[in-house]
Amino acid sequence: MGNFIFLQILAAVCALSIITTLFNKRILDFPQAIGVPIVSAVLVFILQWSASLLNGNEFITINITSIQNAVRDIDFYDFLINGVICFILTASALTFKVSDLKNYWKPIGILASIALALCALFFASLMFGFQWLTGANIPFAVLLLLGAALGATDPIGIKGVLSSIKAPRHLMIKLEGESLFNDAVCIALFMTILHGLQGNGFSIVTTVEVLLYEIVVAGIIGWFFGQMTLRILSGKHEMESLILTTAFLACGSYLVALYAHASAPIACVVGGLIVGNRWHQILEEGEITYVNHFWHAIEGIINSFLFTLIGLELFILELNTSLILGGVVAFICLHLSRFLANFASFSLLSDVRKTSYNGSLTILSWGGVRGAISLALILSVSNVPELEPYSSFLVGYTFIVVLMSGVVCGLGLPAVMNAFYHNPNEPTTGFAGWYQRLVKRFNRKGYQYVLSEDEQGNEVITRYQPPPVVIQETPSSVGMALPLPKVIDKDGHDELAHPNGF
């Protein structure tokens, strides 16, 4: 009859993905990138608890060991980094406008490079101090490797969170742009530190040469595949061939970049940007919409698989109080490091500071949701001999950070947005109201903005002016309305005069 192992695995993952996705949509109604891993993790807890209750039952038993072995056999790194990530990145790049990249290339580039490296360094330093206080003995280089892996903002998680809130367009562009280019730099930095840990030595000159080679060669490969794809699309075609051509753009550019030892994610992104910003000249809008709908559906299916697998990784973790406490501390250190790295990176750019909207860096720092890429990188090296003594810490810390990042940063981003952009429907009662008032302390300048549209449908950002204060000396007096004074920045500049401001 043959071997049905592939169909068995596919059916099991599909069933679990359906359960987690539907439960999240109908009960929790969280963004998919946040709700599905939570539901999947809860499902694992229920299975483990049920197995302990049914232990010794002669009628029903749950073999947790078999499930753990099956989860361990899943090569998460190959599935994501050497597999489906090319489709995710290409699908995002096809809808990202090059004009937006031209307007905001400086903040996007800094967030995806200098700030990423500083974040890994700050994180390793803070965690090294924590490990020293608790008596643990994890080398600084290992913590730096963990910081590099956790530096990757998740493009899937970012899109999921942004779709659930009304954010200013300039912030959405920067967060999406960072998530597109951040992964490539993160993987390159991670592999460089790994080679140093494996005894291959570390040299700043060599590292810069490798990074430049990976970026330049990847850009050339992406440009070539983008131009070739446009040539193919310009001729006669069927709707199916449109989809197959864009699929080849994704996996072909990624595969060639891997063989060339270049940055495969950058090759995908460059190819997707070239095609997505020029296919309007050769295709009809209906055809473009059809292809985008297809990739949106594929992206959703892949996301469901990934987030379900993230939750199932709990099967292979041996959680204890020490590991959970360390994971919580790692989450705090990571996002504190992201704040410090972002503010340090932009502090030297006076032109960016002078056109900066109130709260932009705070919102961007808070919105750095971590996801499957961080977990895939750590799982890929958990069996490396030099890292095997610390594998439980690395995997455990990463899993906890990814879950907490989704819950705290993902679900908390709307409240942070409300602190700087006026929302008349913001929560005022209960825990949500208390949390909103707490988060508003981030707004030290004290003024907010209002998002609106002009007659052409373009976004307009204006200062929010609260209703005037009415003074009445006695209950019978008419009173006098006094408008609140207009806020003037201490530097004397007006960021609203710069439509492409930071």
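Residues are numbered from 1 along each chain as its sequence is written, and side-chain values use heavy atoms, with hydrogens and water left out. Because the model is predicted, local features need pLDDT of at least 70 and side-chain atom pairs count only at pLDDT 80 or more, while totals for chains, interfaces and linings use all residues.

Helices are DSSP runs of H or I with at least four residues, numbered from the N terminus. The expected span of a helix is 1.5 Å times one less than its number of residues. The table sets out two helices.

| Helix | Residues | Number of residues | First to last C-alpha | Expected span |
|---|---|---|---|---|
| α13 | 264–276 | 13 residues | 18 Å | 18 Å |
| α15 | 321–346 | 26 residues | 38 Å | 38 Å |

The reach of α13 is close to its expected value, and that of α15 is likewise close to expectation. Helix α13 is mostly covered, with 13 of its 13 residues buried; buried means under 20% relative accessible area, exposed over 50%, and partly exposed in between (1.4 Å probe, protein chains only).

At the start of α15, the backbone nitrogen of Ser322 has a side-chain oxygen of Asn320 within 3.2 Å. This pair falls under polar contacts, defined as N or O atoms within 3.5 Å, where within protein one must be able to donate a hydrogen and the other to accept it, and residues adjacent in sequence count only if both atoms are side-chain atoms.

**Cysteines**

Helix α15 also contains Cys333, which is buried at a relative accessible area of 10%. Its C-alpha atom is separated by 6.3 Å from that of Leu126, although Cys333 and Leu126 are 207 residues apart along the chain. Cys14, by contrast, is partly exposed at 29%. A search of the whole structure finds 0 disulfides (pairs of cysteine sulfur atoms within 2.5 Å).

**Loop residue His261**

His261 lies in the loop between α12 (239–259) and α13. Most residues other than glycine have a negative phi. His261, although not a glycine, has a positive phi of about 60°, and His261 is exposed, with a relative accessible area of 62%.

**Crossing of α4 and α18**

The axes of α4 (residues 76–94) and α18 (residues 372–381) come within 8 Å and cross at roughly 130°. Axes are lines fitted to C-alpha atoms, for helices over the stretch in contact, with angles from 0 to 180 degrees between N-to-C directions. The two helices, α4 and α18, are therefore oblique to each other, since angles under 35 degrees count as roughly parallel, over 145 as roughly antiparallel, 65 to 115 as roughly perpendicular and the rest as oblique.
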